[in-house]
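Student: Could we go through this structure together, beginning with the helices and moving on to the pockets and rings?

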Amino acid sequence: MMGELRVYQVKADSAARQVHNFWNHIHFHPTDAIEDDWGRRILDQVSRDGAARYVRIYAMLEDIVSRDESGRLSFDFAASDKRIDYMVEKGFRLLICFNFLPQAIAADPACVSWLVRYKGKHLNTSKPGDYQEWQEVCRTYTQHLKERYGEQRLSEWYFHCWNEPDFPDYFLSDTPREGNMERIAEEYAKLYDHFAQGVMESCPQVKTGGPSAALSNLFLEKFLTHVKQGKNWANGGTGTKFDFMSVHTYGAFPKDLTAGRPVRVEDTFMRVQELAGIAERCGFPGIEMVVDEWGLSTEGFSDAEKYPVLRFRNTEFYGVAYAHLIRYYTEHHAPVSMQMICLSGQHNLKREFHGYRSFFTLHGFPKPIYNAYALCAKLGDRLLEGSGNREGSEPDGSYMGMIPTSGENGRLAILLYRFSPRAILEEQELRSRTSRHIRLEITGLRGKYRIRHYRIDHSNSNAYTAWRELGSRDGLTQTELEWIHKEGALKLWYPEETAEIQGQWQTDILMTDNAVSLVELEPWDTKTQK
């Protein structure tokens with residue numbers, strides 16, 4: 001089904017609105033994979049493609065802090081230095097999550113989460129036996145980072161306290177949540193106060209925040225009320241240094257998607273608005289919001305064998321949903337400064353395309369969602385005036401959208417997409433594949449341009465489709481591995497061309513279900529370039 005021609009118009013010389021890139025950031029998990037070849041291969045590629053600006057990692061304080069023979073706290077920064085040196089070398093800015101509790105300072109060394117982490121490690125989820133020792137840990141770690149990387153660099157980083165303290169897997173796992181959330185929030189408030197005090201004593205320039213809450217509004221309200229007007233557990237004053245609010249937003253549980261719940265980016269947007277409203281009611285209107293974990297689905301340690309619907313993490317569907325989210329959030333001024341996709345399950349890969357929350361497969365094939373991150377990194381920082389976008393879905397249930405931007409030196413980057421949320425299941429997509437013709441018209445152009453058109457869809461820049469064409473099997477030959485890598489890489493849909501344009505330029509594009517195109521026009525000065 002083709003339908004009517006949709007025309008999108010962009011004014012290259014229009015007054016542009018600044019747009020902050022909130023979308024090209026990641027949570028790299030597990031943090032200690034930075035030490036390993038497979039983790040570095042991923043981060044090398046992300047760095048080369050500029051697919052992430054800020055990266056969230058764990059401090060992994062349990063690797064740093066112990067006690068010496070006299071019982072005093074002892075610090076070994078070797079593992080941490082190795083990880084962070086590498087991240088700095090690759091040009092990433094960091095959001096460092098201060099966790100998990102070193103067993104040496106735990107009130108209950110046996111309070112351990114059931115989760116088995118990478119390399120067989122377990123988490124101690126106890127509160128500190130002595131909060132002054134926790135504060136010392138935070139102060140000493142921050143001081144070490146300042147001495148090693150400098151105050152200027154740390155002033156560009158974010159430090160936050162703990163991961164999902166409202167969730168039993170990570171904090172006070174021996175305490176049921178039902179009926180105890182206020183007490184848990186109070187215990188976390190102590191943890192945060194001493195964290196913020198310790199960081200501030202070493203480097204007051206660094207931004208501190210929390211709580212990276214996952215589910216409980218009550219927990220968030222109690223915490224925000226405390227840091228606004230409660231008695232500070234660390235210094236006895238009123239309130240606590242609080243520069244940003246970190247939260248987690250996931251679209252749906254896999255069981256709900258399996259039951260037919262549609263994928264709606266509006267749901268995560270409404271959650272962001274709800275969280276901003278809670279912050280405002282608690283005395284923090286306009287507080288910087290960092291979504292340090294995001295995804296279309298929860299359960300990062302589940303795969304498509306458990307929930308077949310999670311195959312969408314392998315397909316073009318995820319990449320186009322991401323593009324749709326960027327447009328929706330941008331148009332509706334979502335109060336988000338950074339949003340980080342959570343890359344978890346990466347160390348559990350046993351075969352290709354398991355359906356975990358990863359950018360790459362076992363043999364390093366880039367998934368369409370990774371290509372979408374690399375593609376959207378090309379968007380400029382100014383939003384141009386354009387027409388053709390309209391709210392709501394098409395008659396067939398799909399969404400059409402455009403993000404027209406400009407960047408340095410007059411470079412234009414126009415992203416267009418067609419998102420079909422009903423096609424989350426691969427079989428549904430194949431049964432109902434449709435196409436729409438669109439025309440992109442750009443006015444206000446003067447001079448010679450390099451023109452590039454990148455494309456991600458079922459047949460382009462898609463390693464999953466290539467793998468399926470080879471029978472979705474293991475035991476691939478070297479030739480087959482190389483072919484999938486080639487087919488899966490983000491690439492031009494058409495060969496690059498140059499054109500002298502005076503006024504208007506246009507191109508017609510066929511948009512299949514769950515397709516995203518990026519048209520790039522870069523001014524080309526023939527006097528200075530060959």
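**A helix and its surroundings**

Tutor: Nine of the nine residues of H10 are buried, so this helix is largely enclosed by the rest of the structure. Buried means under 20% relative accessible area, exposed means over 50%, and partly exposed lies in between, with a 1.4 Å probe and protein chains only. Helices (H or I, at least four residues) and strands (E, at least two) are DSSP runs, numbered from the N terminus.

Student: Which are the buried residues of H10?

Tutor: They are Pro368, Ile369, Tyr370, Asn371, Ala372, Tyr373, Ala374, Leu375 and Cys376.

Student: And what sort of model is this?

Tutor: The model is predicted: local features need pLDDT of at least 70, side-chain atom pairs count only at pLDDT 80 or more, and totals for chains, interfaces and linings use all residues. Residues are numbered from 1 along each chain as its sequence is written, and side-chain values use heavy atoms, with hydrogens and water left out.

Student: How many helices and strands does the protein chain have?

Tutor: The protein chain has 13 helices and 21 strands. Its radius of gyration is 24 Å, close to the 24 Å that the globule rule gives for 530 residues, so the chain is as compact as a globular protein of that length. The radius is taken over C-alpha atoms, and the rule is 2.2 Å times the number of residues to the power 0.38. Along the principal axes, the C-alpha atoms fill a box of roughly 75 × 55 × 45 Å. Of the 530 residues, 59% are buried.

Student: On to pockets. What volume does the largest pocket have?

Tutor: The largest pocket has a volume of about 1100 Å³. On a 1 Å grid over the protein atoms alone, a pocket is an open set of points where a 1.4 Å probe fits, with protein on both sides within 12 Å along at least five of seven lines; lining residues have an atom within 4 Å of a point. Grid points are joined across faces, edges and corners, and a volume is the space filled by probe spheres set on the points.

Student: Which residues lie nearest its centre?

Tutor: Glu164, Phe167, Thr298, Glu299 and Gly300 do, out of 40 lining residues. Strand E12 (244-252) is one of the elements that supply at least two residues of this lining, and E12 gives the most, with five. The lining has 17 nonpolar, 13 polar and 10 charged residues. Here Ala, Val, Leu, Ile, Met, Phe, Trp, Tyr, Cys and Pro count as nonpolar, Asp, Glu, Lys and Arg as charged, and the others, Gly among them, as polar.

Student: What about the second largest pocket?

Tutor: Its volume is about 540 Å³. It is lined by 22 residues, and Arg41, Gln45, Phe360, Gly364 and Pro366 are the closest to its centre. Helix H1 (37-49) and helix H10 (368-376) each give two or more residues to this lining. H1 gives the most, with six residues.

Student: Changing topic, how many aromatic pairs are there?

Tutor: The structure holds 42 aromatic pairs. Rings of Phe, Tyr and Trp (its six-membered ring) pair if their centres lie within 6.5 Å; planes under 30 degrees apart count as stacked, over 60 as edge-to-face and the rest as tilted. Tyrosine 149 and tryptophan 157 form a tilted pair, 5.8 Å centre to centre, with 45 degrees between the planes. Tyrosine 149 is buried at 9% relative accessible area, and tryptophan 157 is buried at 1%.

Student: Why is the pair of phenylalanine 353 and phenylalanine 365 stacked?

Tutor: Their ring centres are 6.3 Å apart and their planes are at 25 degrees, so the pair is stacked. Both residues lie in the loop between strand E14 (338-343) and H10, so the pair ties together parts that are 12 residues apart in sequence. Phenylalanine 353 and phenylalanine 365 are buried.

Student: Where is the cis bond to phenylalanine 100?

Tutor: A cis peptide bond joins asparagine 99 and phenylalanine 100, with omega about 0 degrees. Phenylalanine 100 lies in the loop between strand E7 (93-98) and E8. The peptide bond from glycine 210 to proline 211 is cis, with omega near 0 degrees, and proline 211 lies in strand E11 (residues 207-213).

Student: Is asparagine 409 buried or exposed?

Tutor: Asparagine 409 counts as exposed, at 71% relative accessibility. Its phi is positive, about 60 degrees, although asparagine 409 is not a glycine.
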